[in-house]
Amino acid sequence: MTEDLIELLEMLNKNSGWFFDFLVIIIAVGLTATLVIHIYRYATGKNDWLGRSLDEGDQSSQMAMIQLDTCRNEKEELEKKVLLLEQDRQELMDLLKEKDQQIDQQKNQLAKAEDEIEILKSLYEELDSKYNDETYTMSQIMYTIEEVAAAIADQNRFQQNRDEIFMNLLDYLVNTLKNFRKKQPRVIIHVKHPEKNDVLVHFAHSSGHSHRVKIYEPPIHGSAAGRAWRTKEIYYVPDVESPDYEYDQKKNSRKVYRTILCVPIKAGMMEPTRIGVLTITGAPVDAYEDIEIERAALFASLLFPLVYTDLKHRGGNHP
């Protein structure tokens, strides 16, 4: 193919020499004009020495600037959005904190309500316990009243079963004492000795005592029972081992109690008639509450008619 082209050119050169000369002139003129234009544009600053147009560079720079401005604007918008999002986040955090505080307040209120419920429940249980206790106490009082009345009405039956009847009556009193199984109360009644003026003597006792209870004669001076006899007032010793109270520290005593309560058996308010002393012991220190002391005083009053009747029947000393 190349050889054919060369042969064609040689043939044209031989037959048309003027054409090539004309073509060379045209090409030379074109190159010269291009060179002049290049020099002119370079001199006027429109092109660089490589012929690249500087206007296109300016346009590129302008485009770059426009893009840069666009990016800056977008950046500012994004920053604004970020700021708004941060504000929204802060508002949400504040709202969340407020809700947490409300939840904490509600929890505190709920805890207070639960505490109040527990207090009310405790009060209810306490009132229920007191109600049951008072109901049971009332039943023991009614039994006591009935047995005292029956004993006074039927003296023959009473004399035949005297010790058992008094033991039952004093056990009714024991039953009204709180936690009596733990306190191990023992009850005994002493009256004035028929022959000795300085001591009291056994009259009756509750269950749980040994036979030795009938032997002890508490002195009127120097014992808790004697103190109640002399003063005609209730005498409570919360700790028999304390030297601050009047109590007979018996030698070789086998006592298993630390508390003693002595209640005079009397009638009348202005000039009371005293016929004996009801004594209750308790195993722990300070065993009895005020309500229990009041119950003991009530039972002492309930027993007065029967004790008085029995003393009179026996011909004992009584006012």
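Trainee: Which strands does helix 7 lie across?

Mentor: In this predicted model, helix 7, made of residues 224-231, lies across strand 1, strand 2, strand 3, strand 4 and strand 5, and helix 7 runs at about 150° to strand 5, which covers residues 273-282.

Trainee: And what does helix 8 touch?

Mentor: Helix 8, residues 290-314, packs on the sheet and touches strand 1, strand 2, strand 3, strand 4 and strand 5, while its direction makes about 50° with that of strand 4.

Trainee: OK, the sheet itself then: in what order do the strands come?

Mentor: The 5 strands form an open sheet in the order 2-1-5-4-3, with antiparallel pairing; the edge strands, each pairing on one side only, are strand 2 at 200-205 and strand 3 at 235-237. Neighbouring strands of this sheet are turned by 25° against each other on average, with direction ignored.

Trainee: What holds paired strands together in general?

Mentor: Strands of a sheet pair through backbone hydrogen bonds, in either a parallel or an antiparallel way.

Trainee: Back to strand 2, over how many bridges does it pair with strand 1?

Mentor: Strand 1, residues 186-192, pairs with strand 2 in the antiparallel sense over 5 bridges. Val191 stands opposite Val201 of strand 2, and the bridge partner of Ile188 in strand 2 is His205.

Trainee: Is strand 2 mostly covered or mostly open?

Mentor: Strand 2 is mostly covered, since 6 of its 6 residues are buried.

Technical notes
Residues are numbered from 1 along each chain as its sequence is written. This is a predicted model: local features need pLDDT of at least 70, side-chain atom pairs count only at pLDDT 80 or more; totals for chains, interfaces and linings use all residues. Side-chain values use heavy atoms; hydrogens and water are left out. Two strands pair if DSSP finds at least two bridges between them. Helices (H or I, at least four residues) and strands (E, at least two) are DSSP runs, numbered from the N terminus. Axes are lines fitted to C-alpha atoms, for helices over the stretch in contact, and angles run from 0 to 180 degrees between N-to-C directions. Contact means heavy atoms within 4.5 Å. Buried means under 20% relative accessible area, exposed over 50%, partly exposed in between (1.4 Å probe, protein chains only).
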